[in-house]
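Reader: I'd like to learn how to read a sheet in a protein structure. Can you walk me through one?

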Amino acid sequence: MAGKQFPSLARARPASSRCLLAGAALLFLFLAASYFLLLPSSPGLAIPSAGSAAVTSFLASLDRSLTSPRRSASSAAPGDLDAAILAEEESRLYGDPGGAWPAAAAPLRVYVYEMPSKFTYDLLRLFRDSYRETTNLTSNGSPVHRLVEQHSIDYWLWADLIAPESQRLLKNVIRVQRQEEADIFYVPFFTTISFFLLEKQECKALYREALKWVTDQPAWQRSEGRDHVIPVHHPWSFKSVRRFVKKAIWLLPDMDSTGNWYKPGQVYLEKDVILPYVPNVDLCDSKCVSETQSRRNTLLFFRGRLRRNAGGKIRSNLVTELKDAEDVVIEEGTAGAEGKAAAQNGMRKSLFCLSPAGDTPSSARLFDAIVSGCIPVIISDELELPFEGILDYRKIALFVTSSDAVQPGWLVKYLRGIDAKRIREMQSNLLKYSRHFLYSSPAQSLGPEDLTWRMIAGKLVNIKLHVRRSQRVVRGSRSVCTCDCRVGNTTRMF
């Protein structure tokens, strides 16, 4: 669900406009086993020790990160990076037969670029210093800081990677200091913050600078970016220069196929990874689920923007169909703490929560419902879901086609016909699945950060295939396979 352009923050630079910013999807290689071997890595920003309670507040984690000492941990690329990588891989391939590669239990090795501060720390400070200016809203009424938090996946992944290894909990991914040791390269540019908080032309200029910095790196030039990860989680972020980085691995909220947000051939499941939005409501844990069970008297609940663009137009049709239905609550959302409290309270009183498309096929309401113990009813025919190679969403959500949902009386009758046993099973599964959608510091095992790297690790052999193939194919003799064909998703009712 994309935000709109809005007036600048009081503490940000003023401006009147903002930067605008596979056939079927191929089955990608999945991990044969989980990655549970913990190897040493380099120190970085200090975050809580493994024994500390995880922090799920973006602002609280950010404050602590920005006041912690920084230490450089990455070395420059060797003179001949390709030769160094070949030597490293041959050492693993022909060295100790019990070595780390190609055994399935080896952790994914990630090299984190140390970009100039204007692409990283300066943007984090700008957000922190602007955070309390909550009176500034987007043109559709959403608070600026909330939209940044909603798409802050780039911060959570980066904060975990640069933390001292002794304070990290994840075992399937490590940070390496030498580029020749890396499987994947992470680009820590905060594209969402820059989109929301910089003046339009300044934002575009910063995007161009970041593009030049990254594409000048030897590792990028060797692979044309195929083994590089770029967070572009807001549909408008990095938009003006995306065509130059379309071979990289993008971290996305969805894969809208209308062409409004992503151009054909830029995004596809073989290459990219779908990540969940950061929930806007608090987790309803086992105690909360037990306490709210007897109070879930609303059949279907939705609170949010009732009118959206593009695929989100389904919302207005649903409002017309459901507005007078018994035991159904459909409300226009409001910004700020009161709006959050109302949404949270409504979800915790409901059996089912409506999750229609937003401006893009995805909507943050889906993840709010999951962590609230409210069974999502997904009405978004083109939706792609986070970590679907690992998670089976049929255990926690109902999928309904748009054409069925708007038929008079159909949806309410369908929901009333679901037996109590199935509802209890799905509620139990929601409680179990919630951990997969809670970003935290330190990042938790099977949390979204962990599952992100497991998904990328599943693509690794194919990434290496395309890098090697691109290095030896004679230019002009035949096209390099890009596997960028994709058809629309056909949603079925379960």
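Author: Two strands pair if DSSP finds at least two bridges between them. Strands (E, at least two residues) and helices (H or I, at least four) are DSSP runs, numbered from the N terminus. This is a predicted model, where local features need pLDDT of at least 70, side-chain atom pairs count only at pLDDT 80 or more, and totals for chains, interfaces and linings use all residues. Residues are numbered from 1 along each chain as its sequence is written, and side-chain values use heavy atoms, leaving out hydrogens and water.

Reader: In what order do the six strands come in the open sheet?

Author: In general, strands of a sheet pair through backbone hydrogen bonds, either parallel or antiparallel. Here the order is S2-S1-S3-S4-S5-S6, with parallel pairing. S2 (173-175) and S6 (273-274) are the edge strands, each pairing on one side only.

Reader: How many bridges join S4 to S5?

Author: Three, and S5 covers residues 249-252. Look for Pro 231, which sits opposite Leu 251 in S5. On the S3 side (residues 184-186), S4 has two bridges, and Tyr 186 faces Val 229 across that pair.

Reader: Are the S4 residues buried or exposed?

Author: Buried means under 20% relative accessible area, exposed over 50%, and partly exposed in between (1.4 Å probe, protein chains only). His 228, Val 229, Ile 230 and Pro 231 are all buried. His 228 and Ile 230 point one way from S4, while Val 229 and Pro 231 point the other way.

Reader: What about S1 and S3?

Author: S1 (residues 108-112) runs parallel to S3 over three bridges, and Val 110 stands opposite Ile 184.
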